[in-house]
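Let's work through this structure in short questions and answers. Keep the sequence and the 3D view side by side.

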Amino acid sequence: MDGSTTPTSAPVLILLGPPGAGKGTQARMLEERFGLVQLSTGDLLRAAVANGTDAGKQAKAVMEAGDLVSDDIVIAILRDRLTDADCVRGVILDGFPRTTVQAEALDTLLAENGQRINAAISLDVDDAAMVDRISGRFTCGTCGEGYHDSFKAPKTQGQCDKCQGTDFRRRADDTAETVAARLDAYHAQTAPLIAFYDAQGALARVDAMGAIDDIALELGAIVTTATA
Ligand SMILES: Nc1ncnc2c1ncn2[C@@H]1O[C@H](COP(=O)(O)OP(=O)(O)O)[C@@H](O)[C@H]1O
């Protein structure tokens with residue numbers, strides 16, 4: 001990373017990595033630790049689908065197939081969300097950008113506000129392990145806390161550690177076939193962003209195959225440096 005890229009305004013951090021790399025889990029931990037706002041385009045799109053908006057109607061089948069939703073739709077959704085008041089605290093982008101067009105649109109959007117990216121952090125994982133990781137995961141339907149059958153079960157069975165909710169959910173696109181399509185989309189369209197951010201001097205890489213808390217420590221150190 002190049003310290004000269006550090007902006008003076010609200011921090012903007014990007015988490016890159018294939019589905020299952022732990023972007024959502026780590027983004028939520030960074031959100032708590034640094035008071036930043038986690039922005040997940042996957043969550044925003046799922047909300048649009050649930051609310052039956054025009055964007056949601058167009059995105060639904062694409063998401064179910066494990067393909068990428070069109071740049072226009074995703075960029076519009078993100079642009080909209082970035083204008084919300086809470087984003088002045090700084091944001092962690094989880095699942096955006098996913099294409100070079102989105103990355104360029106983000107740079108333009110930030111430049112309009114006198115902002116730039118503090119760091120793009122790639123969570124590096126072994127593809128073969130991702131299918132297992134994804135097929136075991138679930139979230140609390142009340143607060144969104146993430147869990148996993150093998151790596152992170154609720155401390156009290158059937159009850160969320162964070163909010164004590166009892167309504168757990170598994171995503172409709174967390175099936176073996178859809179996961180394969182999502183991994184293909186990652187390699188074809190998102191992995192080139194590693195070189196994109198490296199060229200900007202904003203890239204950091206983290207081995208994300210280890211324990212959740214160890215990865216969080218490493219990410220925390222990167223965020224501390226990048227936002228200093
Ligand atoms: N930035 C994006 N561009 C295009 N499609 C997206 C984007 N973010 C999310 N999606 C859509 O939402 C789905 C779920 O995304 P997400 O929740 O980030 O999960 P994951 O990273 O595990 O695939 C993706 O498979 C894709 O269809």
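This is a predicted model: local features need pLDDT of at least 70, side-chain atom pairs count only at pLDDT 80 or more; totals for chains, interfaces and linings use all residues.

Q: Which residues touch the most other members of the largest nonpolar core?
A: In soluble globular proteins, nonpolar side chains tend to be buried together. The largest nonpolar core here has 46 residues. Strand β1, residues 12-16, gives the largest share of this core, five residues. The members that touch the most others are Leu13, Ile92, Ala120 and Ile121.

Q: Is Gly17 buried or exposed?
A: Gly17 sits in the loop between β1 and α1. Beyond four places in sequence, Gly17 touches Lys23, Ser122, Leu123, Val125 and Ala208. A residue with 20 or more other C-beta atoms within 10 Å counts as buried. Gly17 has 24, so Gly17 is buried.

Q: How are α4 and α5 oriented to each other?
A: The axes of α4 (residues 71-82) and α5 (residues 100-112) come within 10 Å and cross at roughly 30°. On the α4 side, the contact is made by Asp71, Val74, Ile75, Arg79 and Leu82, and on the α5 side by Val101, Gln102, Ala105 and Leu109. α4 passes α5 in a right-handed crossing. Angles under 35 degrees count as roughly parallel, therefore α4 and α5 are roughly parallel.

Q: Is Gly24 buried or exposed?
A: Gly24 is one of the residues that UniProt, in an unreviewed entry, lists under "binding site". Gly24 lies in helix α1. Outside four places in sequence, Gly24 is in contact with Ser40, Asp94 and Gly146. Gly24 has 22 C-beta neighbours inside 10 Å, so Gly24 counts as buried.

Q: Is Gly210 buried or exposed?
A: Gly210 is also among the "binding site" residues in the unreviewed UniProt entry. Gly210 is found in the loop between β8 and α9. Gly210 has 12, so Gly210 is exposed.

Q: How far apart are the end C-alpha atoms of residues 137-173?
A: The unreviewed UniProt entry annotates residues 137-173 as "domain: Adenylate kinase active site lid". Over this stretch the chain is 0% helix and 24% strand. The end C-alpha atoms are apart by 11 Å.

Q: Is Cys160 buried or exposed?
A: Cys160 lies in the loop between β6 and β7. Cys160 is in contact with Cys140, Thr142, Cys143, Glu145, Pro154 and Gly165, leaving aside neighbours within four places in sequence. Cys160 has 21 other C-beta atoms within 10 Å, so Cys160 is buried.

Q: Is Cys163 buried or exposed?
A: The place of Cys163 is likewise in the loop between β6 and β7. Not counting residues up to four places away in sequence, Cys163 touches Cys140, Thr142 and Cys143. Cys163 has 12 C-beta neighbours inside 10 Å, so Cys163 counts as exposed.

How values were computed: Residues are numbered from 1 along each chain as its sequence is written. A nonpolar core is a set of buried Ala, Val, Leu, Ile, Met, Phe, Trp, Tyr and Cys residues joined through C-beta atoms within 7 Å. Helices (H or I, at least four residues) and strands (E, at least two) are DSSP runs, numbered from the N terminus. UniProt positions are given in the numbering used here, feature names are shortened, and annotations may be inferred rather than shown by experiment. Axes are lines fitted to C-alpha atoms, for helices over the stretch in contact, and angles run from 0 to 180 degrees between N-to-C directions. Angles under 35 degrees count as roughly parallel, over 145 as roughly antiparallel, 65 to 115 as roughly perpendicular and the rest as oblique. A crossing is left-handed if the near helix is turned anticlockwise from the far one by less than a right angle, and right-handed if clockwise. Two residues are in contact if their C-beta atoms, placed from the backbone, lie within 7 Å.
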